[in-house]
Every structure is written in structure tokens, then in C-alpha cells.
Amino acid sequence: MQPLKAPPRSHWDDSSFFRRPDVVLVGAGLLGLWTAHALKTLAPKLSITLLEQGTSPTGASTRNAGFACFGSLTEMLADEAKMGTEKMLSILEMRYRGIEKIKATVSLDQIDFEACGGFEQLTPEQAEALADGQAMTRLNHLLADRLGLENVYVAEQRPAASLGLRQDLPIIRNPYEGVLNSGLLVEALTQALQQKGVAFRYGFSLAQWEENGTGVEFASATGQTWSCGHLAFCTNGYMHQLLPQLNTQPARGQIILTQPIPGLALKGSFHAQEGFYYWRHVGNRILLGGARHLAFGDEATTDLSGSDFIRAALEQFLHANVWVPQDLRIERHWSGIMGFSDNKEPLVKAMGSHTSAALACNGMGVALTPVLGETLARQILSAI
Ligand SMILES: Cc1cc2nc3c(=O)[nH]c(=O)nc-3n(C[C@H](O)[C@H](O)[C@H](O)COP(=O)(O)OP(=O)(O)OC[C@H]3O[C@@H](n4cnc5c(N)ncnc54)[C@H](O)[C@@H]3O)c2cc1C
């Protein structure tokens, strides 16, 4: 490791805040939190610390759209074509079980969970390709066998206008999906873990690390040194900065939120164009995000400031697709950073004898991280 510039710590620091934990998880977003949750369940005596570079999590977990969804029909069919039926089903199952785990772990009122259903608006080309209903029926049978759920994908009979949509396009409904407040979910998990003795250190940006015979020595960007038994990276869209050999990519997602709309008809989580646009109600406001596909290169960034170009595209999509007043104001916009692996699949990997990394990969980490965190926890336990 490089020579470090932070002032020497006191004897008291080292015997309290900087005791050597068994496990340090880098990143206090949903993956770090669910991994700590699984570790505490599987090995309650383990001492665990989460490190977070921000004063609160600053990646995707509190900056997303809050969809509790496990996959729209066309996305699942596209995944099946890319990765095969079994891989597609296993990822979908992980997401479904993840949502069930959220429901079993925190009170639904505490996280504003609403079982309002998920909707996919088809393009005319998608509608034509699916017109005979065979693909939907086949997928429904596969999911009934795998998850015991009947009719996951249903052709919506209500007219688009009654759902608050302007375009009269066919819609597929998934009655098992919903929405939640992801900030409240992160907060609830953080508080539950603190009660179990898990420590959190905010404002610690991990910059260097080195394995020794019994664990890992590491340092922050400001030169704080520390050590632990096992170090696991849950750094999502920032992973490439620390572990470039994993070939992960950052992907910025941008969101707009409208002012309140009296009498808003739209209720539910909606996707269109293979998930590149997504929108939902938040009380009587509309949250809408996406459009990353219009500028893939520019959006492969960790810069959270966002771009006027994408914001304008989101506003345009909103007015073209949803019944909203013409003079509607956008009250707020923000962005978050996703992380993608090179094959677009989740990864859990040993990086050394005392180091691991995991990446939820894709825009459905709310659903995926509860189960992926358990996989990472088992990998860590097998190494210590
Ligand atoms: C705009 C947007 C909308 C989305 N919408 C949805 C949705 O509706 N439903 C859904 O299921 N998923 C959605 N997602 C995806 C979902 O939010 C993510 O998959 C999930 O939050 C990933 O959790 P994570 O813990 O892996 O990553 P993150 O939440 O990004 O956590 C990683 C943490 O690591 C920290 N970190 C990074 N580097 C360091 C370092 N060197 N030292 C210390 N800390 C570090 C970061 O600050 C960050 O807090 C969306 C994502 C975005 C960006």
C-alpha cells in the first residue's frame, strides 16, 4: 500500500470505532444491506461493518424508481433468447423470491408498499409478434411450474385511457408486482441491522486494500487505515473504479417527478420499449425515468448531475404517453448509477482468499439484492 497521510489515531479510536471487524462490506446500498442481513442470520456472532463513501448511500438504492417488479413479458422473452430458458427463469425466480423476502422482513406500511400491479405497454411491432398468445401462455406455464403462480402475464382488458394512458396500445398486466419507497426500505434495513449490532461508517471512501495472511488491510481516500478478516465489494456502478478486471460498466439512470396532478387516474408500475421507459404514480404525482438508450455513451458515467437532453426526452415521452395537463410542472429530477456486468448477469465472485465482490446488475436490484445478498453471504462464510 502507498504511504498514507491521515493523522495517527488514538488508542481509544482503535479500541472502539476502529476495532477489527470479521467482515467489512463496502457500499451501504441494498446489496450491502441484504448481505449483512443474511450474514447476521447465518452467523449471528460475526462482527460486520458497512463502509459507505457518502453521508448516506449515493449509488442506486435510494435514487431508483421503487418498482418491486420481476420482469416484463418482452424483457423475459428477450432474456430467454440471449441466455436460454433456464438462466432467464432462475433470474426471474431470484427477483420474485427477493420481493417475497422484502415482504417477510420489513412491515409493508413502513416502506409504503402497494400491490398495485405491473403493466407493460407494447409497441405495435411487439403486439403483432405476440398476437397469437402462444409465447405468453408458454411463459405462464413455466412460471406456474416454477413459482406456483397462476397467470403472471395477463392481457389487460381495460382501455388504455382508463389506466391514464394516452396511446391506445395493448397492455400486459402482471398482478404480482407493486411499488415501494426505496429510501424507506434502505432506512428500515439499516435500522434493523444497527439493532443487531452491525456498524455503519459513512464518509469512508475505500481507495486501497491489500490481503495479508489473515485478512485485509485497507485505506480510505483520505488515508484512514483499517483491517478486517474479509472485505466484500458491493459498490455497483462504482465497481470499475476499484476492480477494473471485472469489466463492469456504470450506467446512469435519470428520473423526473411531476407536481401533484388532481384526479390522477394512473396507478401502478409501467414499462415500455423493453424497460427503457418506466413510470409510476407516487401519491398523485408521476415519476418517470429512462431514455438511457438515446445516449448510451454519455450515460456510461458516475456523474450524478444528469443531462438536459435526457430530461427533455423524458418530458416529451410523458406528454405523449400519459394523460397529464399540458402546463404540468416537473418538480424535481435526479439520477442514480447502475452497474452492469459484461454479460448483463448478476455476479458473485471470490477476488482473493479474503476478498469478494458482487453486482446485482440491471435495473431490478430492489428485487434481486435480497437473494443475491444471501449468495454473497454464503460465499463469504465459505472463505472465513
Ligand atoms: C434511476 C434508477 C432507477 C431504478 N429503478 C429501479 C426500480 O424501480 N426497481 C428496481 O428493482 N431496481 C431499480 N434500479 C436498480 C436498483 O436501484 C439497483 O439495482 C440496486 O439499488 C443496487 O443496489 P447496490 O447496493 O448493488 O448498489 P448501490 O445502491 O449503488 O450501492 C453501492 C454503494 O456503494 C457505495 N460506494 C461505491 N464506491 C465506494 C467506495 N470506494 N467506498 C465506499 N463506498 C462506496 C456507493 O456510494 C453506493 O451507496 C434503478 C436504478 C436506477 C439508477
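Reader: Glutamine 273: buried, partly exposed or exposed?

Author: Glutamine 273 is partly exposed, because its relative accessibility is 34% and that class runs between 20% and 50%. Keep in mind that this is a predicted model.

Reader: OK, and where does glutamine 273 lie?

Author: In the loop between strand S14 (269–272) and strand S15 (277–282).

Reader: What's up with the phi of glutamine 273?

Author: The phi is positive, about 50 degrees, although glutamine 273 is not a glycine. Asparagine 247 is another non-glycine residue with a positive phi, in that case about 55 degrees.

Reader: Where is asparagine 247 found?

Author: It's in a loop too, the one between helix H8 (239–242) and strand S13 (249–258). With a relative accessibility of 45%, asparagine 247 counts as partly exposed.

Reader: Switching to prolines. Where is proline 175 found?

Author: Proline 175 is in the loop that runs from strand S6 (171–174) to strand S7 (178–179). Its relative accessible area is 35%, so proline 175 is classed as partly exposed.

Reader: What is proline 175 in contact with, leaving aside its neighbours in sequence?

Author: Once the neighbours within four places are set aside, proline 175 is in contact with Gly117, Asn151, Val152 and Val154. There's also phenylalanine 119, which is 56 residues away along the chain; its C-alpha atom is 8.5 Å from that of proline 175.

Reader: Now a helix. Alanine 38: buried or exposed?

Author: Buried. The relative accessible area of alanine 38 is 4%, and the cut-off for buried is under 20%. Alanine 38 belongs to helix H2, which covers residues 30–42.

Reader: And what is alanine 38 in contact with, beyond its neighbours within four places?

Author: Gly373, Glu374 and Ala377. Leucine 372 is 334 residues from alanine 38 along the chain, and their C-alpha atoms are separated by 9.8 Å.

Reader: Strands next. How do S9 and S10 pair?

Author: In the antiparallel sense, over five bridges, with S9 covering residues 206–211 and S10 covering residues 216–220. A hairpin of four residues joins S9 to S10.

Reader: Which residue stands opposite leucine 206?

Author: Serine 220, in S10. As a general point, side chains in a regular strand alternate between the two faces of the sheet.

Reader: Let's zoom out. How many helices and strands are there in the chain?

Author: Eleven helices and 19 strands. The C-alpha trace spans about 70 × 45 × 40 Å along its principal axes.

Reader: What share of the residues is buried?

Author: Buried residues make up 53% of the 384 in the chain. Among contacts with a separation of 6 or more, 73% are between residues 24 or more positions apart.

Reader: What about the surface: how much of it belongs to carbon and sulfur atoms?

Author: 51%, out of an accessible surface of about 16700 Å² for the chain.

Key. Residues numbered from 1 in each chain as written. Predicted model: local features only at pLDDT ≥ 70, side-chain atom pairs only at ≥ 80, totals over all residues. Heavy atoms only, no water. Helix = DSSP H or I, 4+ residues; strand = E, 2+ residues; numbered from the N terminus. Buried < 20%, exposed > 50% of the residue type's maximum accessible area, 1.4 Å probe, protein only. Contact = heavy atoms within 4.5 Å. Areas by Shrake-Rupley, 256 points an atom, 1.4 Å probe, with all protein chains shown as cover. Pairing = 2+ DSSP bridges.
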